[in-house]
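Me: I have a model open and would like to learn how to read it. Could you take me through it feature by feature?

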Amino acid sequence: LEQAGPEERAGLLRQMGSFGPDASPAIKLLSESLTSDNPEVRAAACWAFSQMGAKAVPAAPALGKLLQNEDATTRLAAALALRDLGPPAAAVLPALIEALSDDTPTTRFVAAAALAHMGSAALPAIPALIERLQVPNEEVRILRNVAQALGMIGPAAASAIPALQNVRKQIGVREEADQAVLRIQGKHVRT
């Protein structure tokens with residue numbers, strides 16, 4: 001693998017990832033690939049970690065650092081991998097919160113989804129999530145994920161209800177905002 005060029009190395013990393021959790025013996029090699037100079041190699045390593053689920057937890061700190069990488073594709077790939085970790089991604093919660101303000105909308109979208117997958121572990125993100133709901137002209141898909149994240153946090157996100165009630169006026173956000181409010185209020189949500 002070390003002898004492979006960047007394109008071949010990225011392909012091999014993706015093949016490793018296709019083994020899902022069974023690729024966990026390759027964590028060290030995959031983690032080293034996260035520091036590659038080549039964005040395709042970094043993205044492939046992130047993808048491999050995203051396929052490993054909970055077995056990728058040891059890589060969370062390195063994935064969190066990649067959320068600050070100058071390359072947008074790398075930041076997105078890292079956010080996707082952290083999203084797939086679920087609650088264990090709480091180890092890098094500050095980096096995910098910062099990613100809510102990323103210049104790239106798709107990274108903001110996935111960062112909000114990662115926070116939603118964390119459930120109540122995302123509790124410290126409540127102020128940043130509320131702030132994101134109030135950003136003028138934010139994309140609807142991002143607002144939906146932010147609303148879902150607040151709803152998945154549950155009753156502890158009660159301070160977000162006014163912002164959710166306000167954002168529900170936007171076309172395409174009403175259902176997610178309403179469901180979030182119901183979850184925060186501890187009520188049953190139809191799925």
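Reply: Gladly, and let's start with a term: contact means heavy atoms within 4.5 Å. Helices (H or I, at least four residues) and strands (E, at least two) are DSSP runs, numbered from the N terminus. This is a predicted model, in which local features need pLDDT of at least 70 and side-chain atom pairs count only at pLDDT 80 or more, while totals for chains, interfaces and linings use all residues. Residues are numbered from 1 along each chain as its sequence is written, and side-chain values use heavy atoms, with hydrogens and water left out.

Me: How many helices and strands are there in the protein chain?

Reply: The protein chain has 11 helices and zero strands. With a radius of gyration of 17 Å, close to the 16 Å that the globule rule gives for 191 residues, the chain is as compact as a globular protein of that length. That radius is taken over C-alpha atoms, and the rule is 2.2 Å times the number of residues to the power 0.38. Buried residues make up 49% of the 191 residues.

Me: Is α3 mostly covered or mostly open?

Reply: Mostly covered, as 10 of its 14 residues are buried. Among them are V41, C46, F49 and M52. The cover includes α1 (6-17), α2 (27-33), α4 (60-66) and α5 (72-85).

Me: What covers the buried residues of α5?

Reply: The cover there includes α3, α4, α6 and α7. The buried residues of α5 are T74, R75, A77, A78, A79, A81, L82 and L85. Just after this helix, G86 takes a positive phi of about 70°.

Me: Which residues touch the most other members of the largest nonpolar core?

Reply: In soluble globular proteins, nonpolar side chains tend to be buried together. A nonpolar core is a set of buried Ala, Val, Leu, Ile, Met, Phe, Trp, Tyr and Cys residues joined through side-chain atoms within 4.5 Å. Here the largest has 67 residues, and F49, L82, L96, L115, L129, L150 and L164 touch the most other members. Its largest share, eight residues, comes from α3. Leaving aside neighbours within four places in sequence, L115 is in contact with L93, L96, L100, A122, A125, L129 and A149.

Me: Where is D102 found, and is D102 buried or exposed?

Reply: D102 is found in the loop between α6 (93-99) and α7 (105-118). This residue is buried, with a relative accessible area of 11%. A polar atom of the D102 side chain lies 2.7 Å from the backbone nitrogen of T104. Not counting residues up to four places away in sequence, D102 touches L67, R75, T107 and R108. R75 is also one of the buried residues of α5.

Definitions and conventions. Buried means under 20% relative accessible area, exposed over 50%, partly exposed in between (1.4 Å probe, protein chains only). A polar contact is a pair of N or O atoms within 3.5 Å; within protein, one must be able to donate a hydrogen and the other to accept it, and residues adjacent in sequence count only if both atoms are side-chain atoms.
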